[in-house]
Amino acid sequence: MGLGRSDLSLVSQTSTLFGGVFSYCLPSTDSEASGSLILGGDYSVYQNSTPISFTNMVQNPELSFFYLANLTGISIGGVALETAMFGNNEKGILIDSGTVITRLPPPIYKALKDEFVKQFSGFPAAQGFSILDTCFNLTGYEEVNIPTIRMHFEGDAELNVDATGIFYFVKADASQACLAIASLSYEDEVPIIGNYQQRNIRVVYDTKDSKLGFAKETCSFV
């Protein structure tokens, strides 16, 4: 289903009916549950538990069919990451439901990884998996405190990553649990916020007013 900004997309073809507004809510599990897709700007039908915070879309001529925003910061466990790259990327960061794992510029990813490992200490390291290089062996631990991850956008909008979107469990016994965020190869590549980090978030796309919104919502409808 095309939900982009091209003339052929469902959003464009139904703009007279739904005003170019749509939203989705992705569930935290791959089976026995489904999320929701809502067309139109009637926010009263949402089941969000926090107010929707909006940020302006970034216009990138090279990616005119996609949705991008200005990422101004990331905080881990309440600690703000320090890097000069935040807010200085004119290309924006791509909000994409079709990409699984979030990919960040190398300096931002390194700052995130360092702070996450600092806070998530005391657990044995595990071998990396594919593009994920920050992995732990959590076998035998009954309780694990996972640092919160918040992404901040222009206009004070926030995307609070759900706990289920922080770790990717390569093995069911938790012997290889990887931070579900990866680094881009080069700084000039366009960063992406993938669907794994959008779990249990109501993501609102308003193409008429050119803004994106985020709110906490339990997305699993059994």
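**Before you start**

The model is predicted, so local features need pLDDT of at least 70, side-chain atom pairs count only at pLDDT 80 or more, and totals for chains, interfaces and linings use all residues. Residues are numbered from 1 along each chain as its sequence is written, and side-chain values use heavy atoms, with hydrogens and water left out.

**Stop 1: the cysteines**

How many disulfides does the count come to? There are 2 disulfides, a disulfide being a pair of cysteine sulfur atoms within 2.5 Å.

Select Cys 25 and Cys 219 to see one of them, with an S to S distance of 1.7 Å. The torsion about this S-S bond is about -60 degrees, so the disulfide is left-handed. Cys 25 sits in strand S1 (residues 21-25) and Cys 219 in the segment after strand S18 (211-216), so the bond ties together parts 194 residues apart in sequence. Strands here are DSSP runs (E, at least two residues), numbered from the N terminus. Both Cys 25 and Cys 219 are buried, where buried means under 20% relative accessible area, with a 1.4 Å probe and protein chains only.

Now select Cys 135 and Cys 178, which form a disulfide with their sulfur atoms 2.1 Å apart. Here the torsion about the S-S bond is about 100 degrees, so the disulfide is right-handed. Cys 135 belongs to strand S10 (residues 135-136) and Cys 178 to strand S14 (residues 177-179), so this pair ties together parts 43 residues apart in sequence. Cys 135 counts as buried at 4% relative accessibility, and Cys 178 is buried at 0%.

With bonded cysteines counted along the chain, the disulfides follow the pattern 1-4, 2-3.

**Stop 2: the sheet around Cys 135**

Stay here and show the strands. An open sheet of 4 strands runs in the order S9-S10-S14-S13, with antiparallel pairing. The edge strands, each pairing on one side only, are S9 (125-126) and S13 (167-169). Strands of a sheet pair through backbone hydrogen bonds, either parallel or antiparallel. S10 and S14 pair over 2 bridges; two strands pair if DSSP finds at least two bridges between them. Across this pairing, Cys 135 stands opposite Cys 178.

**Stop 3: Thr 134**

Select Thr 134, in the loop between S9 and S10. Is Thr 134 buried or exposed? Thr 134 is buried, with a relative accessible area of 4%.

Show its side chain. A polar contact of 2.9 Å joins it to the side chain of Tyr 109, and another of 3.0 Å joins it to the side chain of Asp 133. A polar contact is a pair of N or O atoms within 3.5 Å; within protein, one must be able to donate a hydrogen and the other to accept it, and residues adjacent in sequence count only if both atoms are side-chain atoms. Leaving aside neighbours within four places in sequence, Thr 134 is in contact (heavy atoms within 4.5 Å) with residues including Lys 113, Val 117 and Cys 178.

**Stop 4: strand S11**

Finally, select residues 149-153, which make up strand S11.

Which strands pair with S11? Strand S5 (residues 71-76) pairs with S11 in the antiparallel sense over 5 bridges, and Leu 71 stands opposite Phe 153. S11 also pairs with strand S12 (residues 157-161), antiparallel over 5 bridges, and His 152 stands opposite Glu 158. S11 and S12 form a hairpin with 3 residues between them, and Gly 155 in the turn has a positive phi of about 90 degrees.

Key:
Buried < 20%, exposed > 50% of the residue type's maximum accessible area, 1.4 Å probe, protein only.
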